[in-house]
Amino acid sequence: MNATPFDTRSSEWAGDMTVWLRENANDNQEQIERLLRNLRKARIQELTPRQQQMLEMRFEQNMSGAEIARELGLNRSTVSRTLRRAQNRLRRCLQYAL
């Protein structure tokens, strides 16, 4: 019976990585807080009022694109396009924020 040999190097690496992740778990909290601060600023400074409104409806009020379109009296494709443009603009603004 051929048993595959145990690769100690990969298991050591995985163990080391697990220890490192456990020890550094809180390090991400600072980056997350900075990203959220920058996201709030970018929403205000970089987005149009309509983009801000639609993002709020979509992500804070959990409305679907169809519900937003119905509420604002717009075509669903207009809502989709506006949300995509807003998200892309925020992504570009925040890309190097960390």
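A residue is called buried when its relative accessible area is under 20%, exposed when this area is over 50%, and partly exposed in between (1.4 Å probe, protein chains only). The model described here is predicted, so local features need pLDDT of at least 70, side-chain atom pairs count only at pLDDT 80 or more, and totals for chains, interfaces and linings use all residues. Residues are numbered from 1 along each chain as its sequence is written, and side-chain values use heavy atoms, with hydrogens and water left out.

Side chains of opposite charge can pair when their charged atoms come close. The structure holds 2 salt bridges, a salt bridge being a side-chain nitrogen of Lys or Arg within 4 Å of a carboxyl oxygen of Asp or Glu.

| Salt bridge | N to O distance |
|---|---|
| E30 and R34 | 3.7 Å |
| E60 and R43 | 2.8 Å |

Helices are DSSP runs (H or I, at least four residues), numbered from the N terminus. Both E30 and R34 belong to helix 2 (residues 27-46), where they stand 4 residues apart, about one turn of the helix. E30 is exposed, at 55% relative accessible area, whereas R34, at 25%, is partly exposed.

R43 is partly exposed, with a relative accessibility of 23%.

The predictor's confidence in each residue is given as pLDDT, from 0 to 100. For the protein its mean is 82, and 72% of the residues reach 70 or more. Confidence is lowest in helix 1 (residues 8-23), with a mean of 60, and highest in helix 4 (residues 65-72), with 97.

Methods. Helices (H or I, at least four residues) and strands (E, at least two) are DSSP runs, numbered from the N terminus.
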